[in-house]
Amino acid sequence: MLLYLITPLLILLSRPQNAVLFVLFHVQFELLTRFHTYLQDNSKHSMPTWLIGVLVACLSHASFFLTGHSNSIASVDLSNAYVGVQEYDTILIGMLTFCSNWSGSIWWSVAGWTFISSHESKWFSYILTHAILFSIAMTTLSISVTVLREHLFIWTVFSPKYLYQIAWNLLFHWVVQVFFGSIITQVVFCVQRTD
């Protein structure tokens, strides 16, 4: 239900031409869900949690680039950050800028929550998989930036990518995935326990 509620908001915050992509995202999610159900029904095994985490992380990153964004600071879209805002508010505009630029990734994040929320014991493994992936990416990029600090293109190529990776780690992983994901999935787990 949460996925269906948040989809129109994310479409509103995204560019108009990206609305069709959310239909594609939903088709991919349905195919993934049916494949998981097929595995459970026929082979009595389900997809490992780490594989679900890797798939959601890859689809989140792919959707970021599919929606027309890149690792360039010039590609930060500010046009949708003022949707429904009457006056300038730094925090609100910042949140809307993040949501508009990462709308596809946020959609896949919520899709991952709904996919994993039926298995309470798998939440920690799911988040741990994401933490490992983001840590590897940040460590690799940090080493590259340090080694290539004298390179001519350090400020045009590596620095913006480093800033984007910090946004992926802090805002997307820790705030959206870990903080909000933990709160929402724990509410779902509590509701499932009472049923």
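## Close-up views of a predicted model

**View 1. Q165 and its contacts.** Leaving aside neighbours within four places in sequence, Q165 is in contact with F134, A137, M138 and L141. The model shown here and in the other views is predicted. Q165 sits in helix 7. Its relative accessible area is 3%. Q165 is therefore buried, since the cut-off for that class is under 20%.

**View 2. The largest nonpolar core.** This core has 32 residues. F29, I52, W102, W107 and Y126 have the most contacts inside it. Six elements are named as giving two or more residues to this core: helix 1 (2-13), helix 2 (19-43), helix 3 (49-66), helix 5 (103-116), helix 6 (123-147) and helix 7 (154-194). Helix 5 supplies the largest share, 8 residues.

**View 3. I52 inside the core.** I52 is one of the residues with the most contacts within the largest nonpolar core. I52 touches H36, M47, F115, I116 and Y126, with residues up to four places away in sequence not counted. Y126, one of these partners, is also listed among the residues with the most contacts inside the core.

**View 4. W102 in a loop.** W102 lies in the loop between helix 4 (90-101) and helix 5. Setting aside neighbours within four places in sequence, its contacts are F64, Y164, A167, W168 and F172. W102 and H69 are 33 residues apart along the chain, and their C-alpha atoms are separated by 8.7 Å.

**View 5. A nonpolar patch on the surface.** Nine side chains take part: L170, L171, W174, V175, F179, F180, I183, V187 and V191. Together these residues have about 830 Å² of accessible area. W174, one of the patch members, is found in helix 7. W174 has a relative accessible area of 48%, so this residue is partly exposed.

**View 6. The R15–D77 salt bridge.** The structure holds 1 salt bridge. Which residue pairs with R15? The partner is D77, with the closest N and O atoms 3.5 Å apart. The pair links distant parts of the chain, 62 residues apart. R15 is in the loop between helix 1 and helix 2. D77 is in the loop between helix 3 and helix 4. Side chains of opposite charge can pair when their charged atoms come close. D77 is buried, because its relative accessible area is 12%.

View 7. How many disulfides does the structure hold? The count is 0. C58 has 48% relative accessibility and so counts as partly exposed. C99 is partly exposed too, at 25% relative accessibility.

**View 8. L51 and Y126.** L51 lies in helix 3. L51 counts as partly exposed because its relative accessibility is 27%. The C-alpha atoms of L51 and Y126 are separated by 8.8 Å. Along the chain, L51 and Y126 are 75 residues apart.

**View 9. S144 and Y162.** S144 is in helix 6. Its relative accessibility is 26%, so S144 counts as partly exposed. S144 and Y162 are 18 residues apart along the chain. Their C-alpha atoms are separated by 9.9 Å.

Note on methods. Residues numbered from 1 in each chain as written. Predicted model: local features only at pLDDT ≥ 70, side-chain atom pairs only at ≥ 80, totals over all residues. Heavy atoms only, no water. Core = buried A, V, L, I, M, F, W, Y, C linked by side-chain atoms within 4.5 Å. Buried < 20%, exposed > 50% of the residue type's maximum accessible area, 1.4 Å probe, protein only. Helix = DSSP H or I, 4+ residues; strand = E, 2+ residues; numbered from the N terminus. Contact = heavy atoms within 4.5 Å. Patch = residues over 30% accessible without salt bridge, like charges linked within 9 Å, V, L, I, M, F, W, Y side chains within 5 Å. Areas by Shrake-Rupley, 256 points an atom, 1.4 Å probe, with all protein chains shown as cover. Salt bridge = Lys/Arg side-chain N within 4 Å of Asp/Glu carboxyl O. Disulfide = S-S within 2.5 Å.
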